[in-house]
Amino acid sequence: MPRDTHYIPPLTPPLPGAAGVMCPGVVAFAGSGPGDADLLTLKVLKALREADVILYDRLVSNEIMALAHDDAILEDVGKEGFGPSMAQEEICARLVYHAKRGLKVLRLKSGDPTIFGRLDEELSACEAADVDTQILPGITAASAAVAAIGQSLTQRGRNSSVRFLTGHDMKGFADHDWAQLARPGEVAAVYMGKKSARFVQGRMLMHGADRATPVTVVENASRADQRVLATTLDQLPADLAAANFAGPALTFLGLAPRAASAAHTEIQMELA
C-alpha cells in the first residue's frame, strides 16, 4: 500500500456519528492488538480513520493497516529483534516533527502500547518538545494467545499472579527472578522469547524447575495462520527449533492448552 510521504493531507473528519478521538498537533499512542482486526478497539479504529500521519510497527497486520484513511501518510518505523531497525531517536524525531506541523499523529504499535513497546522513550521525547500525547490501549498478545489455548492467565488454587516477561532486552537475553518462576504453579508469558528459549530453559532448570513443566508457544495469535505448539520445559528448545516459527510468538511457562495432546499431535504432523 505505497503512499507519498511528502504529501500533507487535509485534516479529516471523524467517523460519521462518532466523536473524534484525535486532535491536531497531538500524538496518539495506540495498540492495534495481536493482528485480528475484529479485536481492534473502536477508539483505535476511529483514530485510524482520523489520523493524518500513521507511524506503524512491523507487527501491525496488513488487515488493520487497510483500515487507515486513504489520504493518511503511512510511515513504516518497525523494529525487528536482532534485525534491521529504524533508530529510536529517528522515530521520536518524526513524531515531534509531524505534530509540530499541526497534524494528527498516530503512533500505532502491535498489542498494547504499554507492554514492551518503548512507550516511555517516545512519550518523553514528546514531553521534551511540548507535544501533547494520549494513550489508546489495545489487546496484548498474552490475552489473545491464552484465549487461543482455552486457558486463563490466573486460576484459584494455582496462581494468584502472572508475569509478563521479555525474552531479551537492550543488553541481550533478559534476566528475571528465576527461583520464583521455577516454583510449581507459576505462570509467565514470555514476549520475544523464541531466540531465548534455551537460555530460559537453562535458567529455569538451574533453579529447580520440573523438566515436565508445561510450556505452550503460540505463533501469530488471533490471526488466520495461528499455530500452537504444546511442549515441556525439557523439550522446549528442540520442539521450537523443529516448529520453525517465522511469525511473532508468545511463550507460556506453566500452561498447556486444554486440548494439549491434540494440539501437540497437530504441530508434529505439520513438521513431518
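**Salt bridges and side-chain burial**

R183 is partly exposed, with a relative accessible area of 44% (buried means under 20%, exposed over 50% and partly exposed in between, for a 1.4 Å probe and protein chains only). The model is predicted: local features need pLDDT of at least 70 and side-chain atom pairs count only at pLDDT 80 or more, while totals for chains, interfaces and linings use all residues. Residues are numbered from 1 along each chain as its sequence is written, and side-chain values use heavy atoms, with hydrogens and water left out.

R183 is joined to E186 by a salt bridge whose closest N and O atoms are 3.1 Å apart (a side-chain nitrogen of Lys or Arg within 4 Å of a carboxyl oxygen of Asp or Glu). E186 has a relative accessible area of 14% and is therefore buried. In total, nine salt bridges were counted.

R94 takes part in a salt bridge with E75, at 2.6 Å between the closest N and O atoms. Because R94 lies in helix 3 (residues 88-100) and E75 in strand 3 (residues 73-76), this pair ties together parts 19 residues apart in sequence (helices, H or I of at least four residues, and strands, E of at least two, are DSSP runs numbered from the N terminus). E75 is buried at 6% relative accessibility, whereas R94 is partly exposed at 24%.

The side chain of R94 also meets that of E90 in a salt bridge of 3.6 Å, N to O. These two residues are four apart in helix 3, so about one helical turn separates them. E90 is partly exposed, at 36%. Elsewhere, a network of salt bridges links D57, R107, K109 and E122.
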